[in-house]
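Welcome! Here is a friendly briefing for anyone meeting this structure for the first time.

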Amino acid sequence: MVGQVVISGLLAGALYAMVALGLGLIFGVMRVLNVAHGPLLMLGAYTTFWLFHWFGLNPYLSLLVSMPALFVVGVVLQRLLVRRVVDAPELSSLLLLFGVGIALVNVTQLAFTSDLRSVEYLTGSFVWGPFAFSKSRVIACAFAIVITAGAFWFLQKTRLGKALRAVSQSREVAQVCGVNVQRIHMLAFGFASALAAAGGSLVAVMVAIQPEMGQVYTFKSFLVIVLGGAGNYPGALVGGLLLGLVEQLSSLFLTTQVNEAVAYVLLVLVLLVRPTGLFKGRAS
Amino acid sequence: MKRLLLAGFTVLLVVLAFYPMGGTGYGVRTMLQLFMWIALAQSWNLISGLTGYVSFGHVAFFGMGAYTTAILVTKLGWPWLAACLAGGVTAMALALVIGWPCLRLKGPYFAIAMLGLNEVLRVIVSYYEGLTGGGSGLSMPTLHASVPIYYAMGLVALLVTALAYVIVTSRFGLRLMTIREDEVAAESMGIDTFRYKLYAFLLSALAPGIVGGLAARDQGYIEPMSVFPLITTITMIVMVLFGGKGTIWGPVLGAVLLFTFQEIVWARFIYLHQLIFGGIIIAVVLLMPRGILGVLQQKYNLPRTI
């Protein structure tokens, strides 16, 4: 029982880590909390749904469409709106992105209605000894690991990735060293949106798709980056896995309804006890 | 000019005081909601407009007041006015419990913590079914008291505006604004920043608690989703921002304008209202972050205590 729960937790956690990495990138680079991260994820899920519905495209192949598409959305958002509030007090960016979020949700409602939709693609489970895991979750986890690994490779090895990390350490110094900070900001928002889209496409196979599905992921991503330490990208990975584990373990003892609050309680506790994250993050 | 404004304000108060005698039931309830929004916006302004600490879960105090009132009325049979005042007290108690640890958090972390706490509270309320009715909510016995609630709500709005005036013109208010401009500097000048932030936070929780109780009593039925929605917090914030953050009359102006706009426009575009609201938020943040009064203040060199 516990083994099953632990593995389920890790499966879910890999996905959280990937989605939260996007939120963490934006926060690390711009000190902006993207409240619209969930709605972006929702757009990714709808992309997958419609591609599957209209063209019968394999949901996992649709990642190749949803990620670039949302990358562009992210870049445009940054270019048009977020750029103007990066240096303003946090209230401005919080509100602006909240506005973007509800507008996206509303547009989706108008375009696609609030009906629950699902992609019926992979059903059934892998059985391995005493454990059983739904196929869609295992595959989503595998994809999440590959995409997250790709993101880390990009951050560690490429010049752009290094520039991005440099901006998140110190914008002024990076600028003096010749990094085009505006471009890095756009890139960061684009990548973050692409990661959210990947999350959306992967959960599209597992959960019901509706315009307001994204909100919980916004909160969970907050928690993950708080757990991991803001601006600490590997920390986000551990934070994601930890959140997955805690949620699954607590579901053993608590009713579903109360279990929803576990993430929030954890969020508040961690903020109070260790605002810099469980691992040494960058202090605000 | 000052006299003229004062005279105008007095006339307005007299008109509002006699309004329920001539107005329709619908009109009275609409005005009552307007008063509610004025009180909420004004309260948010006390903590966030003055100290710069963004209370992103301020609706928690509204919900706390609503539930306190509903529980006292249904389980203990308290009269509604006493129950609503008790709602203000429990909201302040909640603010003390939340503020004591959370006001040490800086910047976005405080905002996230407040957001999280509101959600926690909502889940707790849904869970303790014996006391709160859980997800199915609480119904209070019907009460035809729109007119008394109208006066109570109006009085709260008036008092909290007066409170804002007293604070902004006092040394206490100056200390709060110093914290907003530069907390480290404030601290090195000898201001016990934590203590003053906590005082402001407590004061900002009182009116939402009372108003939450009044609104609950007026509607007669509450449930977790209806009294803890994030959108209520956002509406308060947008009202304050639109009118002028950190000013005395800004929240009132913002509440009146946005509420009127909502009443007129949203009823016609029911499917578009979130989109329109999102657009308003974006426009306010980008185009006039100082708000109407903030802009006027700068342009015409108006006094700080506007």
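Predicted model: local features only at pLDDT ≥ 70, side-chain atom pairs only at ≥ 80, totals over all residues.

Residues are numbered from 1 along each chain as its sequence is written, while chains are lettered from A and ligands numbered from 1 in the order in which they are written.

**Chain A**

- Chain A holds 11 helices and 2 strands; helices (H or I, at least four residues) and strands (E, at least two) are DSSP runs, numbered from the N terminus.
- Along the sequence, the elements of chain A come in the order α-α-α-α-β-β-α-α-α-α-α-α-α.
- Chain A has a radius of gyration of 18 Å, close to the 19 Å that the globule rule gives for 284 residues, so chain A is as compact as a globular protein of that length. The radius is taken over C-alpha atoms, and the rule is 2.2 Å times the number of residues to the power 0.38.
- Along the principal axes, the C-alpha atoms of chain A fill a box of roughly 55 × 45 × 35 Å.
- Of the 284 residues in chain A, 53% count as buried. A residue is buried if 20 or more other C-beta atoms lie within 10 Å of its own, exposed if 12 or fewer, and partly exposed in between, with C-beta atoms placed from the backbone.

**Chain B**

- Chain B has 15 helices and 2 strands.
- The radius of gyration of chain B is 19 Å, which agrees with a compact globule of 306 residues, for which a value near 19 Å would be found.
- The box filled by the C-alpha atoms of chain B is roughly 50 × 45 × 40 Å, taken along the principal axes.
- Among the 306 residues of chain B, 50% count as buried.

**Where the chains meet**

- The contact takes 35 residues from chain A and 32 residues from chain B; two residues are in contact if their C-beta atoms, placed from the backbone, lie within 7 Å.
- On the side of chain A that touches chain B, the elements giving two or more residues are α4 (90-112), α9 (215-228) and α11 (256-273) of chain A.
- The most comes from α4(A), with 15 residues.
- That side of chain A has 27 nonpolar, 5 polar and 3 charged residues. Here Ala, Val, Leu, Ile, Met, Phe, Trp, Tyr, Cys and Pro count as nonpolar, Asp, Glu, Lys and Arg as charged, and the others, Gly among them, as polar.

**Helices to look at**

- In chain A, helix α6 (residues 159-169) and helix α8 (residues 181-204) pack at an angle of about 100°, with their axes 10 Å apart.
- That makes α6(A) roughly perpendicular to α8(A), a term for angles of 65 to 115 degrees.
- Leu160(A), Ala163(A), Leu164(A) and Val167(A) of α6(A) meet Val181(A), Ile184(A), Leu187(A) and Ala188(A) of α8(A).
- In chain B, 15 of the 18 residues of α3(B) are buried, so α3(B) is largely enclosed by the rest of the structure.

**One residue up close**

- Phe194(B) sits in helix α10 (residues 193-219) of chain B.
- Phe194(B) is partly exposed, with 15 other C-beta atoms within 10 Å.
- Not counting residues up to four places away in sequence, Phe194(B) touches Leu103(B) and Arg104(B).

Note on methods. Axes fitted to C-alpha atoms, helices over the stretch in contact; angles between N-to-C directions. Parallel < 35°, antiparallel > 145°, perpendicular 65-115°, else oblique.
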